[in-house]
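Here is a short report on one protein model. Please look over the sequence and the structure first.

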Amino acid sequence: MAKKPFRVVVIGAGMSGILAGIKLQEAGIEDFVIYEKADRVGGTWRENTYPGLTCDTPSHHYTYTFERNPDWSSYLPPGPEIQAYFERTCRKYGVDKFIRFNEELDSAEYRDGRWHLQLKSGERDVADVVIAATGVLHHPSIPDIEGMESFKGALFHSSRWDHSVPLEGKRIGVIGTGSTGVQIISALAGKVELIEHYVRTPQWIMPVENTPYSEEQRRSFRDDPAALEDVMQTKEYLASVNSYTQVITRENPEAAQFWKDTCLANLEASVADPVLREQLRPDHEPLCKRLIFSPDYYQAIQHPQAALVTEGIERIEAGGIRTSDGQLHELDIIVIATGFKPDQFMRPVQITGANGVAMERLWQERPKAYLAISMPDFPNFFMLNGPNGPVGNFPLIDIAEHQWHYIEQLLEKVRAGDGAGICVSEAALDDFEQRRIAAAKTTVWFVGGCKSWYLDAQGVPASWPWDYERFVSEMQQPNWDHFEMTTATVSDAAETVA
Ligand code: NAP
């Protein structure tokens with residue numbers, strides 16, 4: 001059957017936007033554009049440049065499945081190498097010529113069977129399909145600490161690192177104990193005059209050996225792709241993959257035992273001072289927050305020029321941080337490593353679907369989408385790594401590839417001329433959400449006794465609550481009964497796919 005010509009707009013040129021660019025070309029779709037608000041590709045890996053930036057997914061897993069990278073320098077990939085990988089892959093697959101840099105979307109409205117887009121530059125576009133590839137953690141969460149503006153030194157969020165500020169000989173305070181704060185402490189302890197780690201909630205630390213790959217190993221991966229695939233089958237790789245494929249719930253608490261035992265043994269064996277050890281001991285279940293993998297945090301925090309601060313932060317003053325015991329910690333630099341607002345996705349873009357339905361109305365209670373991909377009344381609007389997807393512990397590149405496999409089947413349906421637009425029905429989304437929320441409330445993210453960015457404003461984990469196998473299986477093929485087609489001329493009318 002003849003394919004209908006149609007235009008696609010992709011929002012964002014990070015990992016999933018580049019993937020969309022590659023896959024659209026593979027599907028023979030050349031009429032598309034990727035709008036990127038910044039001047040480079042890379043998303044998270046472009047924005048985060050802090051010292052010690054590393055991904056905690058083993059490097060050979062942190063690639064597209066169709067574009068392995070034999071040249072990773074170590075078991076855990078450093079941030080700059082990941083950024084270079086995406087830039088290189090984007091060029092290699094010819095995606096760069098489809099990207100419009102420094103173009104930020106302002107609004108998108110579905111009218112008369114097509115998406116009408118308004119860019120901040122004043123330009124407009126009209127498309128049949130919109131793919132939102134805007135990422136999850138990209139709006140910094142800045143805590144409301146009294147006196148922040150009065151600080152006389154340099155103060156910045158970890159994802160807005162100010163490289164014009166010299167670090168040598170400086171006293172630095174890092175607020176936040178997520179993966180970011182831990183990586184910064186590990187990178188800077190012993191290299192600056194003093195580094196203080198402000199810890200509100202200690203985290204479980206999973207030990208990992210970040211072994212470098214030798215030139216010989218890299219050559220063998222280059223010469224023999226099978227050798228690279230073999231390395232991904234080694235015990236240490238499979239152990240880390242295992243951590244991604246499981247979701248700990250009330251039904252399988254024993255699955256957390258390995259992680260509990262290993263993190264506990266790491267704490268006991270690595271921290272000599274009993275007082276410091278107790279200060280570093282978490283009071284929640286391991287895996288309740290996103291587990292931190294670190295080869296060297298415990299060593300770093302015990303460095304003579306490093307200090308753990310567990311007293312609460314009272315306020316920030318001109319000279320440093322005043323803690324609740326009245327002490328002023330004099331500092332030259334304060335790093336806000338307090339994470340991101342996880343509920344933003346395409347926000348602040350104003351998105352209006354069929355029938356004038358605003359996305360903000362649909363998301364009033366919480367961001368939601370059927371299988372993290374489709375929303376009712378938003379025909380041909382699909383998300384990669386959308387709300388309540390498997391952001392918990394599965395590698396996001398792999399997730400995006402599976403989601404693309406699903407989205408491309410929806411696209412094919414429209415391209416084949418079966419209708420103008422396709423989106424999930426309201427009933428199917430409601431049913432999905434009910435089941436998802438019920439399952440989420442059994443997970444360790446809910447019952448593990450901690451607060452984390454996984455929890456939405458209602459305290460429900462905003463993540464895929466089932467295991468990896470179920471996710472992969474759901475992504476194989478759409479259940480067409482759950483979708484509705486819109487007609488070309490009457491954008492407001494919807495009928496169930498026959
Ligand atoms: P995060 O995990 O959300 O951690 C934020 C930290 O800031 C927490 O320790 C939190 O303490 C603390 N905090 C927030 N407000 C505070 C306040 N007012 N006073 C004191 N402390 C405060 O943020 P992140 O470390 O940037 O990491 C975000 C996510 O990015 C990670 O979970 C991960 O998914 C991703 N990431 C991944 C890697 C990687 O290697 N793959 C590296 C970096 C980041 P409480 O726990 O007490 O709330």
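Are Tyr85 and Phe86 buried or exposed? Tyr85 and Phe86 are both buried (under 20% relative accessible area; exposed is over 50%, partly exposed in between, with a 1.4 Å probe and protein chains only).

## Basis

This is a predicted model: local features need pLDDT of at least 70, side-chain atom pairs count only at pLDDT 80 or more, and totals for chains, interfaces and linings use all residues. Residues are numbered from 1 along each chain as its sequence is written, and side-chain values use heavy atoms, without hydrogens and water.

## Aromatic rings

The count comes to 28 aromatic pairs (rings of Phe, Tyr and Trp, the last by its six-membered ring, with centres within 6.5 Å; planes under 30 degrees apart are stacked, over 60 edge-to-face, the rest tilted). Tyr85 and Phe86 form an edge-to-face pair, 5.3 Å centre to centre with 65° between the planes. Trp464 and Trp466 are edge-to-face too, because their planes stand at 80°, with centres 4.9 Å apart.

Trp464 is buried at 2% relative accessibility. Trp466 is buried at 13%. Ring pairs join both into a cluster whose members include Tyr370, Phe432 and Trp480. Arg470 lies over the face of Trp466, 4.0 Å from the ring centre (CZ of Arg or NZ of Lys within 6 Å of the centre and within 35 degrees of the ring normal). Lys413 lies over the face of Trp480, at 4.6 Å.

## Asp128

Asp128 sits in the loop between strand 6 (124-127) and strand 7 (129-132) (strands are DSSP runs of E, at least two residues, numbered from the N terminus). Asp128 is buried, with a relative accessible area of 14%. A polar atom of its side chain lies 2.8 Å from the backbone nitrogen of Arg7.

Conventions:
Helix = DSSP H or I, 4+ residues; strand = E, 2+ residues; numbered from the N terminus. Polar contact = N/O pair within 3.5 Å; in protein donor to acceptor, adjacent residues only side chain to side chain.
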